[in-house]
Amino acid sequence: QVQLVESGGGLVQAGGSLRLSCVASGSIFRLNAMGWYRQAPGNQREWVATITSGGTTTYADSMKGRFTISRDSAKNTVYLQMNSLKPEDTAVYYCYANMWTTGGVMRGYWGQGTQVNVSS
């Protein structure tokens, strides 16, 4: 059993900041890439950012310069620092992790999501 639990969402005014966290726990042998996705009402889930096990980061174009992804491998945790938030950033943010489990399987897992609301 593997769990990803996000936290840190909430309501913020445009121009403000939030920091999301996602902790992975359970039958984890080794975490590979971790990332964040988001889904706004009526839209498809879209990729936000990824960080590899080696620390290489990539971002969707609309998030570059405003969002920063990081991880603490010792804590099996990935973070998303979101600055200069805009109303269009309002969405449910989901954590994703690719990993080797203790059962010898490599697969991806999703968190349950955390709501971010940005008011204008």
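Reader: Is threonine 101 buried or exposed?
Author: This is a predicted model, in which local features need pLDDT of at least 70 and side-chain atom pairs count only at pLDDT 80 or more, while totals for chains, interfaces and linings use all residues. Residues are numbered from 1 along each chain as its sequence is written, and side-chain values use heavy atoms, with hydrogens and water left out. Buried means under 20% relative accessible area, exposed over 50%, and partly exposed in between (1.4 Å probe, protein chains only). Because its relative accessible area is 11%, threonine 101 is buried.

Reader: In which strand does threonine 101 lie?
Author: Helices (H or I, at least four residues) and strands (E, at least two) are DSSP runs, numbered from the N terminus. Threonine 101 is in contact with Val2, Ser27, Phe29 and Tyr109, leaving aside neighbours within four places in sequence; contact means heavy atoms within 4.5 Å. The strand that holds threonine 101 is β9.

Reader: Which threonine does tyrosine 93 touch?
Author: Not counting residues up to four places away in sequence, tyrosine 93 has a list of partners that includes Glu6, Leu20, Trp36 and Val116.

Reader: How far from the backbone nitrogen of glycine 9 is a polar atom of the side chain of threonine 114?
Author: Threonine 114 is in strand β11 (residues 114-119), and it counts as buried because its relative accessibility is 11%. A polar contact is a pair of N or O atoms within 3.5 Å; within protein, one must be able to donate a hydrogen and the other to accept it, and residues adjacent in sequence count only if both atoms are side-chain atoms. The distance between the glycine 9 nitrogen and the threonine 114 side-chain atom is 3.2 Å.

Reader: What is the relative accessible area of tryptophan 110?
Author: Tryptophan 110 is in strand β10 (residues 106-110). Tryptophan 110 counts as partly exposed because its relative accessible area is 39%.

Reader: How many residues apart in sequence are the parts tied together by arginine 66 and aspartate 89?
Author: Side chains of opposite charge can pair when their charged atoms come close. A salt bridge is a side-chain nitrogen of Lys or Arg within 4 Å of a carboxyl oxygen of Asp or Glu, and arginine 66 forms one with aspartate 89, with the closest N and O atoms 2.7 Å apart. Arginine 66 lies in the loop between β6 (57-59) and β7 and aspartate 89 in the loop between β8 and β9, so the separation of the parts, in residues, is 23.

Reader: Which residues are linked with Arg38 in a network of salt bridges?
Author: The whole structure has four salt bridges. One of them joins the side chains of aspartate 89 and arginine 38 (2.9 Å, N to O), and both of these residues are buried. In the network, Arg38 is linked with Glu46, Arg66 and Asp89.
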